[in-house]
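Have the sequence and the 3D view side by side while you read.

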Amino acid sequence: MSINKLGLIGGGNIGGVLFAEAAKRRLAKRIGFMDIKPPDLAKGKALDIAEGAPTISTDIHYDAGKEFNVLEGSEIVINTAGVPRTKRPDGTIPTREELLQTNIKITKSVAEGIQKYCPDATIISIANPLDAIVYTLYKILQTPKNKLMGMAGQLDSGRYRYFVAQEAGVSVENVEALVLGGHGDNMVPIRSCCRVGGMPVEKFVSKEALDAIETRTRKAGGEVVGLMGIGSAFVSPAWAALDMAEAIIYDKNKIIATCALLEGEYGVNGLFVGVPAILNKEGVAKVIEADLNSAEKEALAKSVAGVRNTCDEVEAMLKTM
Ligand code: A3D
């Protein structure tokens with residue numbers, strides 16, 4: 001079971017991994033791969049991967065290029081078009097929100113491309129600032145809320161799981177975790193939802209170690225940016241987005257932390273925020289309201305306030321574009 005066509009917008013670091021993995025996993029009969037970068041980044045990367053296909057015994061069919069028409073007929077689109085964070089010469093690291101000025105313009109052209117060539121596609125967006133870029137796509141495209149979502153929570157939860165597994169000395173497969181809220185340094189790891197082998201995390205990891213793990217999780221994206229020196233994390237975000245795409249393609253009813261439109265859930269209206277959601281062939285089939293303690297509720301409200309500020313900036317910028 002696979003879909004007819006998967007569209008990938010952006011052929012940079014994340015886009016390249018998405019193309020290679022989607023081809024290897026045979027997620028779609030055909031892949032549309034688009035990037036504006038000359039001379040023809042998308043076509044070049046697609047050719048490189050296709051020439052490796054015989055070695056991994058897979059058949060790859062694709063349309064790649066600099067124009068949005070290569071996306072025609074895509075049923076699911078994953079969007080990575082946008083500049084990533086990168087370490088400045090003085091060693092500081094920008095916030096994701098500082099990317100908005102540049103990435104909102106890119107997102108406008110992405111929305112126009114989707115509108116023209118695959119208006120009915122289900123969209124998973126990855127470009128930063130995550131929640132505000134998904135909001136921008138919504139404002140321009142008015143996509144039904146089940147068909148538009150952002151990837152961040154799956155990656156942030158994955159980071160939390162990895163750190164807990166290391167500390168507890170167990171397999172990552174034993175650790176369940178949830179990170180909610182906006183995809184910024186105020187994201188909210190939910191300790192009360194963290195389980196190790198089905199048991200409360202506190203049985204395996206001390207309170208002090210958990211405090212440190214949660215702080216590290218909130219800043220984990222910046223840690224990678226700082227170490228790599230150029231660009232930001234790209235393999236783990238691609239895998240996380242493909243997990244979401246597979247839940248949709250295979251109609252899994254899988255609960256994944258997803259940036260979804262809230263209409264009253266968690267006391268939030270009209271914003272896209274990271275929450276647990278059931279993903280299936282409909283896309284975001286249902287938002288689930290986790291039971292949070294008062295500290296977690298307070299932290300979530302703070303994170304949502306940050307998302308609201310950035311979305312207010314989006315509203316102002318869209319009026320001038
Ligand atoms: P990068 O390797 O720079 O690739 C981005 C690509 O977008 C480049 O190849 C550009 O040429 C291309 N691009 C720019 N404008 C357009 C356009 N109008 N149409 C099509 N393509 C265009 O970056 P990356 O792949 O590392 O990251 C992509 C985005 O994902 C950035 O905004 C990152 O900040 C973001 N990101 C998000 C997460 C999350 O967890 C949400 C994690 C890591 C990166």
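Helices, labelled H, are DSSP runs of at least four residues, and strands, labelled E, are runs of at least two; both are numbered from the N terminus. The structure shown is a predicted model.

Which helix gives the largest share of the shell around the ligand? That helix is H3, with three residues. Helix H1, residues 13-24, and H3 each supply at least two residues of this shell. In total, 28 residues surround the ligand, and the closest are Asn13, Ile14, Asp35, Val83 and Ile126. The ligand sits in the largest pocket.

A polar backbone atom of Asn13 lies 2.7 Å from an oxygen atom of the ligand. For Val83, the distance from a polar backbone atom to a ligand oxygen is 2.9 Å. For Gly82, the corresponding distance is 3.5 Å. How much of the ligand does the protein bury? The ligand taken alone exposes 870 Å², and the protein buries 90% of that.

Asn13 has a relative accessible area of 44%, so it counts as partly exposed. Two residues from other parts of the sequence can be located from here. The C-alpha atom of Gly231 is 8.5 Å from that of Asn13, although 218 residues separate the two along the chain. Pro84 is 71 residues from Asn13 along the chain, and their C-alpha atoms are 9.5 Å apart. Pro84 belongs to the loop between strand E4 (76-79) and H3. Its relative accessibility is 44%, so Pro84 is partly exposed.

Next come the salt bridges. How many does a search of the whole structure find? The search finds 17. One of them joins Lys108 to Glu112, with 3.4 Å between the closest N and O atoms. Both residues lie in helix H3, which spans residues 100-117, and they are four residues apart, about one turn of the helix. Lys108 is partly exposed because its relative accessibility is 27%. Glu112 is also partly exposed, at 43%.

The side chains of Arg191 and Asp211 meet with an N to O distance of 2.5 Å. Arg191 is in the loop between strand E9 (188-189) and strand E10 (195-196), while Asp211 is in helix H6 (residues 207-218), so the pair ties together parts that are 20 residues apart in sequence. Are these two side chains in buried or exposed residues? Arg191 is buried, because its relative accessible area of 15% is under the 20% limit. Asp211, at 31%, is partly exposed.

Another salt bridge runs between Glu223 and Arg216, where the closest N and O atoms are 3.0 Å apart. Glu223 has a relative accessible area of 33% and is therefore partly exposed. Arg216 is partly exposed as well, at 36%.

The last stop is the backbone itself. Most residues other than glycine have a negative phi, and most peptide bonds are trans. Where are the exceptions described here? The peptide bond from Pro38 to Pro39 is cis, with omega near -10°. Pro39 is in the loop between strand E2 (28-34) and helix H2 (41-52). The bond from Asn128 to Pro129 is cis too, with omega near -5°. Pro129 is placed in the loop between strand E5 (122-125) and helix H4 (130-141).

Two residues illustrate the other kind of exception. Arg26 is not a glycine, yet it has a positive phi of about 50°. Arg26 lies in the loop between H1 and E2, and its relative accessible area of 47% makes it partly exposed. Gln142, also not a glycine, has a positive phi of about 55°. The loop between H4 and strand E6 (148-150) holds Gln142. Gln142 counts as exposed because its relative accessibility, 52%, is over 50%.

Note on methods. Residues are numbered from 1 along each chain as its sequence is written. This is a predicted model: local features need pLDDT of at least 70, side-chain atom pairs count only at pLDDT 80 or more; totals for chains, interfaces and linings use all residues. Side-chain values use heavy atoms; hydrogens and water are left out. A salt bridge is a side-chain nitrogen of Lys or Arg within 4 Å of a carboxyl oxygen of Asp or Glu. Buried means under 20% relative accessible area, exposed over 50%, partly exposed in between (1.4 Å probe, protein chains only). A residue is near a molecule or strand if one of its heavy atoms lies within 4 Å of it. A polar contact is a pair of N or O atoms within 3.5 Å; within protein, one must be able to donate a hydrogen and the other to accept it, and residues adjacent in sequence count only if both atoms are side-chain atoms. Accessible areas come from the Shrake-Rupley method with a 1.4 Å probe; for residues, only the protein chains shown count as cover. On a 1 Å grid over the protein atoms alone, a cavity is a set of points where a 1.4 Å probe fits but cannot get out, and a pocket is an open set with protein on both sides within 12 Å along at least five of seven lines; lining residues have an atom within 4 Å of a point. A molecule sits in a cavity or pocket if more than half of its atoms lie within 2 Å of its grid points.
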